[in-house]
Amino acid sequence: MRVQQQLDTLEVFLRLFVFVEELKNIYFDAPDGAIDMSVLAILLFVGTMALSLWATMRVRQVYGKFSQLPASSGASGAETAATILRQEGIYDVQIVEHDEILGDHYDPIHKRLVLSRDNFHGTSTAALGVAAHECGHAIQHKQAYAPLQWRMASVGLTTFASQIVLWLPLLGMFTGFLNTGLALIFVAGAWGILMLFNLITLPVEFDASARARLVLKQTGLIQTIEEETAVAKVLRAAAWTYVAAFITSLVYFLLHVLPLLGGRRE
């Protein structure tokens with residue numbers, strides 16, 4: 001996990017470096033107010049970065065707070081997931097444990113519900129909320145929930161697009177390729193794909209959280225108003241990370257497509 005965190009940090013700095021170079025190529029050499037646009041672009045970049053950091057810190061803070069509040073049912077996250085899946089008639093999903101903190105997810109390809117160690121064994125309201133949320137995705141999968149199907153179908157294209165926005169500008173800095181209209185179209189298109197993927201993700205995540213809150217109450221795994229409120233706050237904080245990702249990708253898309261629409265490149 002420590003190595004992955006270092007790689008993530010390196011990618012953030014690389015993206016920052018690439019972004020600044022892109023701004024120089026797209027705006028600084030262009031006429032008529034381009035400098036003002038570049039300043040606006042930098043401010044938007046800083047704003048979206050701050051929003052993403054705030055969302056990440058917020059979810060960790062809220063999760064940390066409510067991981068100290070035990071659920072009165074006494075069920076662990078793994079037991080919660082098993083109960084919900086059984087109630088929904090889902091018997092082909094494996095519940096597994098892993099070491100990454102807040103790396104919980106549902107894997108629709110291998111039909112695995114992956115819980116971090118704290119949430120797998122934990123009996124807190126936070127652990128139950130996270131486990132139920134991932135079960136919400138498994139229920140979506142069983143019911144062929146359309147936005148989840150769209151997101152699954154677009155994973156390969158989105159992975160390709162993420163590589164374009166990272167490496168194509170970096171290549172352009174050394175070859176001058178970024179100065180061509182074709183390169184800008186590629187990068188703008190890739191950000192458009194990422195933006196649409198993040199947009200599709202929003203209803204998927206909001207629906208999974210709504211299902212989680214409902215099923216926890218129906219099964220009696222959450223029994224008091226205080227526990228319901230705690231689960232709601234944890235899931236709401238997590239939702240902000242997806243909202244931040246969408247806003248960031250939307251801003252990047254607009255920053256790359258506006259020069260094309262404005263005819264800044266011949």
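Leu258 is found in helix 9, where helices (H or I, at least four residues) are DSSP runs numbered from the N terminus. This is a predicted model, in which local features need pLDDT of at least 70 and side-chain atom pairs count only at pLDDT 80 or more, while totals for chains, interfaces and linings use all residues. Residues are numbered from 1 along each chain as its sequence is written, and side-chain values use heavy atoms, with hydrogens and water left out.

Together with Leu254 and Leu261, Leu258 forms a nonpolar surface patch with about 290 Å² of accessible area in total. Patches consist of residues with over 30% relative accessible area and no salt bridge, nonpolar side chains (Val, Leu, Ile, Met, Phe, Trp, Tyr) being joined within 5 Å and like charges within 9 Å; a salt bridge is a side-chain nitrogen of Lys or Arg within 4 Å of a carboxyl oxygen of Asp or Glu. Areas come from the Shrake-Rupley method with a 1.4 Å probe.

A positive patch is formed by Arg58, Lys65, Arg213, Lys233 and Arg236, and helix 2 (34-66) and helix 9 (225-261) each supply at least two of its residues. Arg236 lies in helix 9.

| Residue | Relative accessible area | Class |
|---|---|---|
| Arg236 | 46% | partly exposed |
| Leu258 | 42% | partly exposed |

Buried means under 20% relative accessible area, exposed over 50%, and partly exposed in between. In helix 3 (residues 77-87), the buried residues are Gly77, Ala78, Thr80, Ala81, Ile84 and Leu85. Viewed down the axis of helix 3, these buried residues fall within an arc of 160°, so they line one face of the helix, the arc being that of the directions from the helix axis to the C-beta atoms. Helix 3 is followed by Gly89, whose phi is positive, near 75°.

Key: Buried means under 20% relative accessible area, exposed over 50%, partly exposed in between (1.4 Å probe, protein chains only). Lys and Arg count as positive and Asp and Glu as negative; His and the chain ends are not counted. The place of a charge is taken as NZ of Lys, CZ of Arg, CG of Asp or CD of Glu.
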